[in-house]
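The structure comes first, and my notes follow.

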Amino acid sequence: MELSGENTPMVSFRKVRKSYGALTVLDDLDLDINAGEMVSIIGPSGSGKTTVLRMLMTLEQINSGVIYVDGKPLTHMPKSGKLVPASERHLRSRRADIGMCFQHFNLFPHMTALENCMEGPVQVLGLPKAEARDRSEKLLELVGMIAKKDQHPSRLSGGQQQRVAIARALAMRPKVMLFDEVTSALDPEVIGEVTNVIRGLVSEHNLTMLMVTHQMGFARDISDRVCFFYGGKIEEQGHPSELFGNPQRERTQQFLSAVREAV
Amino acid sequence: MNIFDFVIQYWPRLLAGTGMTVAQFFLAAVLGVAIALLMGLMKLSSNKLLRGSAVTYIEIFRGTSLLVQLYWIFFVLPLFGLSIDKFTAGYVAVGMNIGAYGAELVRGGILSVPKGQWEAALAINMSPAQRMRRIILPQALVNMLPPWGNLMIELLKGTALVSLISVADLMFETKQINGSTFLSAQAFGAALIIYYVLARFMVTPFMRWLEAYMARKMGRA
Ligand SMILES: Nc1ncnc2c1ncn2[C@@H]1O[C@H](COP(=O)(O)OP(=O)(O)OP(=O)(O)O)[C@@H](O)[C@H]1O
Ligand SMILES: [Mg+2]
């Protein structure tokens with residue numbers, strides 16, 4: 001039922017398949033991510049990158065296979081010796097391990113930056129307000145947004161909103177953080193303020209991170225491993241210096257040279 | 001007799017009628033908002049029975065005349081052993097009718113909240129009820145306030161029908177005065193002005209204030 005052993009991966013996709021009607025988006029995906037690892041996902045549009053993250057966040061149901069988080073099944077639950085699809089209740093208990101940041105931030109517009117961060121700790125974790133505020137302020141400090149804590153999202157720039165969104169996700173103390181193209185909606189001059197925050201997380205925290213990005217330089221800099229997705233499959237994966245420096249597969253080579261030309 | 005002399009002479013009855021109209025309006029509004037919220041949420045439910053009940057309710061109350069609904073509640077229900085006094089029958093009929101229209105506004109308001117808001121709320125592990133109550137409804141409310149303003153004006157006008165089951169509202173008093181004095185122009189002229197003043201200088205400003213207040217809470221102002 002559970003994955004066990006010395007080196008249980010933090011996240012494990014086992015033969016996961018996802019389709020929309022006749023369109024198969026992910027085909028028998030097998031992917032293990034170790035605790036503390038930073039894995040980047042790159043690949044052409046429509047290759048299924050976002051879908052991988054959304055399945056892990058339980059925003060999408062999977063068609064077959066099992067996803068494990070911290071050794072325990074996420075998409076399924078044990079019932080009389082078998083794994084059956086998870087109930088809402090099981091999902092709620094397992095989802096606490098995962099946090100996600102979105103391309104378009106999705107901050108709650110009717111709450112200030114601080115309230116956005118406190119919402120989960122107070123409402124979901126049941127922390128006393130003072131403790132939730134303390135935790136949220138520390139995180140806003142970490143992402144450099146403490147001076148704007150009482151502003152509503154409509155008063156913040158894209159880069160500032162994304163940093164608040166990162167703090168909001170971290171306030172839930174997830175074991176795994178997911179980033180889906182968190183800089184794609186930003187003006188070029190503010191991308192750095194968000195990537196610097198993520199860089200900080202890599203060095204400061206023992207977080208497991210899974211990041212979809214179109215910024216090859218950034219992925220190369222900070223990842224422990226890079227996965228190149230093509231047509232719903234991992235076409236090639238490896239250490240960034242190998243994958244970017246000496247790609248083995250033709251499709252990887254084509255993709256990387258097309259990306260370089262576009263820059 | 002000019003309209004000023006008319007008002008000076010009949011103001012106690014006009015005032016009593018206006019008071020009754022305001023009371024009917026207020027109670028019908030509270031009931032209507034509650035029904036709208038309930039039916040709007042039920043119509044979005046994944047449960048077929050709840051959804052079916054909401055659709056049926058909305059169809060019946062939007063598809064038939066308010067006057068007929070009022071007569072049903074006041075004259076027909078007693079035949080089935082459910083007697084309601086005229087005051088209650090009045091605002092209940094108007095409130096149930098407005099609730100059916102409001103349900104569509106609630107549904108539309110909820111659907112107008114971007115999908116990303118549901119997803120962000122799920123990503124911090126909120127329960128479905130918390131997502132609705134804490135994240136979606138407050139935003140839906142802001143989006144649906146302007147059409148609610150129109151509906152409230154309709155509601156005010158709709159309360160005039162309760163005079164037909166002898167609730168002593170402004171319309172009822174006006175007709176009584178007209179019946180005994182035959183000062184039709186003055187009587188209905190005064191009623192016209194009072195309804196207009198209630199709508200224009202009470203309902204509309206209140207809704208505007210509510211919109212501004214909500215906008216401030218959203219950090220938009
Ligand atoms: N809700 C949906 N219904 C139908 N098809 C979908 C849905 N969501 C995604 N798809 C399809 O699944 C495929 C993979 O989508 P996905 O969003 O994972 O791609 P991606 O790699 O993130 O692309 P991009 O770089 O453009 O963000 C695409 O062909 C997309 O059209
Ligand atoms: Mg994507």
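**Ground rules.** I noted that this is a predicted model, in which local features need pLDDT of at least 70 and side-chain atom pairs count only at pLDDT 80 or more, while totals for chains, interfaces and linings use all residues. Residues are numbered from 1 along each chain as its sequence is written, chains are lettered from A and ligands numbered from 1 in the order in which they are written, and side-chain values use heavy atoms, with hydrogens and water left out.

**Chain A overall.** I listed 9 helices and 12 strands for chain A, both being DSSP runs numbered from the N terminus (helices H or I, at least four residues; strands E, at least two). Along the principal axes, the C-alpha atoms of chain A fill a box of roughly 55 × 50 × 40 Å. Of the 263 residues in chain A, 54% are buried, where buried means under 20% relative accessible area, exposed over 50%, and partly exposed in between (1.4 Å probe, protein chains only). I also looked up the contacts (heavy atoms within 4.5 Å): of those in chain A between residues at least 6 apart in sequence, 62% join residues at least 24 apart. Chain A carries 31 positive and 31 negative side chains, with the centres of the two sets 6 Å apart; Lys and Arg count as positive and Asp and Glu as negative, while His and the chain ends are not counted, and each charge is placed at NZ of Lys, CZ of Arg, CG of Asp or CD of Glu.

**Salt bridges.** A:Arg225 is buried at 15% relative accessibility, and A:Glu37 is buried at 11%.

I then turned to A:Lys175 and A:Asp70, whose side chains meet in a salt bridge at 2.7 Å, N to O. A:Lys175 lies in the loop between helix 5 (158–170) and strand 9 (176–180) and A:Asp70 in the loop between strand 4 (64–69) and strand 5 (72–73), so the pair ties together parts 105 residues apart in sequence. I noted A:Lys175 as partly exposed at 33% and A:Asp70 as partly exposed at 28%.

In chain B, the side chains of B:Glu154 and B:Lys157 form a salt bridge at 3.7 Å, N to O. Both residues lie in helix 6 (residues 128–158) of chain B, 3 residues apart, about one turn of the helix. Salt bridges that share partners also join A:Lys18, A:Arg54, A:Glu60, B:Lys115 and B:Glu119 into one network.

**Individual residues.** Is A:Asn116 buried or exposed? A:Asn116 is buried, with a relative accessible area of 0%, and sits in helix 3 (residues 113–124) of chain A. Not counting residues up to four places away in sequence, A:Asn116 touches A:Leu107, A:Phe108, A:Met111, A:Pro153, A:Val164 and A:Arg168.

I looked up B:Glu173 in helix 7 (residues 170–181) of chain B, where B:Glu173 is buried at 12% relative accessible area. Leaving aside neighbours within four places in sequence, B:Glu173 is in contact with B:Arg13, B:Gly17 and B:Ala168.

**Backbone angles.** Most residues other than glycine have a negative phi. A:Thr58 has a positive phi of about 65° although it is not a glycine, and A:Thr58 is buried at 12% relative accessible area. A:Arg173 has a positive phi near 50°, and A:Arg173 is exposed, with a relative accessible area of 58%.

Technical notes: Salt bridge = Lys/Arg side-chain N within 4 Å of Asp/Glu carboxyl O.
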